[in-house]
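Open the model in your viewer and keep the selection tool at hand. This tour goes from one selection to the next.

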Amino acid sequence: MEASVTLKKVGKLSGGRTILAGMSFGVERGSIVALIGDNDSGKSTLLRVLAGYEKPEYGNIYIHGLDIVKRRHETCKMVAYVPHEPDLDPWLTVEQNIRFIGMLHKIPADKLSQRIAGYSEQLGIADFLQENVSNLSLGIQKRALLVRALIQEPRVLTIDEPTAFIDADGKRMVLEVLLDMRGKRTIIYASQDLDEVELANDRIMILQNGHIAMDGTLEKLLATTNQYHQFEIEFEHLDEATYKELSAVSTVVNPSRVGNKFRFYGRSRRAFFHVLKRATAVVTNDFSIKTIGLRDLMDSNQARRGLE
Amino acid sequence: MIWAFLQRRWWLTENRILTTISTALMLPVILYISIVAVMENIIPRSIDGVVYTQWVFPGLIMIIATLGLVPLLYRDFFDLRIHRHVLQPVTLTPITKFEIIAGIIITAIIESVCFVLISLFVLLILIPMSVPVYSYFILIFYVILFNGVMANVLITISLLAERVTTYLIILLSFLMFILFSSGILVDFEFYPPLLSQVFANLPTSVLMAGIRQIMFFNRFDYLSLIYPMIVIVVWFAVNGILYKTKAHQ
């Protein structure tokens, strides 16, 4: 597969702080790449840099083989960017906002009307096109941003939190539109919603302090957890001494507690019985065992240190 | 490209057309009461012997033009840039920063000229003028140039200021300076010689002097056109570079 986006040692600094630390990677054409990571890990900056919204301090970015800085005029026709916060003009209607950007992209009027109607129907905002932006909720504005990005039919679509502010129905519509584009457009998006990431991805990149900490398919990332399970046992009363005693069990990894619930990770189910054996003096109310998902992988306080 | 900006300007104007027209109708009345009615008692005639109410007429038009321009550029280059990042998606389209600035300046000037035309009729009712009709057309041309200079200054302030308080202080100080240093309300002869010499060479002053020469003495000075035009072009280029730097793109 050919590369749609290529980064070569791309770095971004802000006030002496490294936001992106010499990142290098390529993205295949038509794939969906999800960027996840803690707050301030560099996800949004990476998207802004990819879209040409901000210039990197060093390194090169190529969109379909063209340098994003040197060939800006051509690359900005190929890339569209959806920011996290809506940036629509509050004194214009949704349609006027979208049409203005479409006109700057020199999209013929009839095609523009057709695309606006089509995408706003798909994203459920057709009824809001004539509304002034200042009267609309952030969720509708966010969907309008997606329509604005899609009307230019970009080859690369970068989205910062695609479903932020959007209700459940809207989220479904957005995900459907993104999944529909799989294979046709390259989509790179950042998200904190791990359920959404699990649904829409060909590849997941976990960012940490401006570096790529992990990179691969969901299956590959979960394989790094070495078949760990997450266990949760709810006791009638869990005192500090019992918690310490249970935490000290050799097969227990990254223990934590929330009220009377004792949560830990373990490589096999035996860890669960080891804990129960130690806790004979305490009444057990409930328990659960589950295989590790993306959420646990990202749960830095409880899992990541021990599972990496 | 310019059509997109014109269309946007029309949409924006359309959404607040009544406010715009009422302001354009009220502004000349307010200026007449607060400035002309008072000043004509202090300065009945200019140094050149023109009746003050007539002499100040082009000055009042320039004030109206500037007041019509300020909110448009404040909104586009300061408020929406700083608070809502509305200009950012425009920078991601295949047009240059220079084209963005040109698009916004040209359309803002067009709106400001329409605003001036409404006010001009009201002002003509309040101040009977005895000048040839063609001089009003030339006046409009000078308004465009005056606004060209002012628009560039306003854009520079908008791009440099990051906080609204800073912006307002700089803007108000600058407007006061232009009002009293460009011969808009008072003839330069009333100023100390050194100040009068410096002020008389400002591009806005040259434009004011130029239009008065045409309106009241039927004399045309090429310099009054060429010099401000050069200033506009150079300043526009500086603003383009400044905007490019500020956008970090």
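A salt bridge here is a side-chain nitrogen of Lys or Arg within 4 Å of a carboxyl oxygen of Asp or Glu. Keep in mind that this is a predicted model.

**Stop 1: the salt bridges between chains.** Display chain B and chain A together. Two salt bridges are counted between them. For one of these, select D89(A) and R8(B): their side chains meet in a salt bridge at 3.7 Å, N to O.

Now look for polar contacts across the interface. The rule finds four residue pairs between chain B and chain A, both residues at pLDDT 80 or more. Colour chain B by element next. By residue class, the side of chain B that touches chain A divides into 14 nonpolar, eight polar and five charged.

**Stop 2: the whole contact.** Select the interface residues on both sides. Chain B supplies 27 residues and chain A supplies 28 residues. Which residues of chain B lose the most area to chain A? Pick W11(B), L92(B) and P94(B): together they account for 28% of what that side buries.

**Stop 3: a bridge within chain A.** Over all chains, the salt-bridge count comes to 25. Select D87(A) and R148(A), whose side chains meet at 2.8 Å, N to O. This pair links distant parts of the chain, 61 residues apart. D87(A) sits in the loop between β6 (79-82) and α3 (94-104), while R148(A) belongs to helix α5 (residues 138-150).

**Stop 4: a surface patch on chain B.** Select F220(B), Y222(B), I226(B), I230(B), V234(B) and V238(B). They form a nonpolar patch on the surface, with about 590 Å² of accessible area together. To place one of them, go to V234(B): it lies in helix α11 (residues 223-247) of chain B.

Methods:
Residues are numbered from 1 along each chain as its sequence is written. Chains are lettered from A and ligands numbered from 1 in the order in which they are written. This is a predicted model: local features need pLDDT of at least 70, side-chain atom pairs count only at pLDDT 80 or more; totals for chains, interfaces and linings use all residues. Side-chain values use heavy atoms; hydrogens and water are left out. Patches are made of residues with over 30% relative accessible area and no salt bridge: like charges are joined within 9 Å, nonpolar side chains (Val, Leu, Ile, Met, Phe, Trp, Tyr) within 5 Å. Accessible areas come from the Shrake-Rupley method with a 1.4 Å probe; for residues, only the protein chains shown count as cover. Helices (H or I, at least four residues) and strands (E, at least two) are DSSP runs, numbered from the N terminus. Contact means heavy atoms within 4.5 Å. Buried area is the accessible area (1.4 Å probe) that two parts lose on being put together, summed over both. A polar contact is a pair of N or O atoms within 3.5 Å; within protein, one must be able to donate a hydrogen and the other to accept it, and residues adjacent in sequence count only if both atoms are side-chain atoms. Ala, Val, Leu, Ile, Met, Phe, Trp, Tyr, Cys and Pro count as nonpolar, Asp, Glu, Lys and Arg as charged, and the others, Gly among them, as polar.
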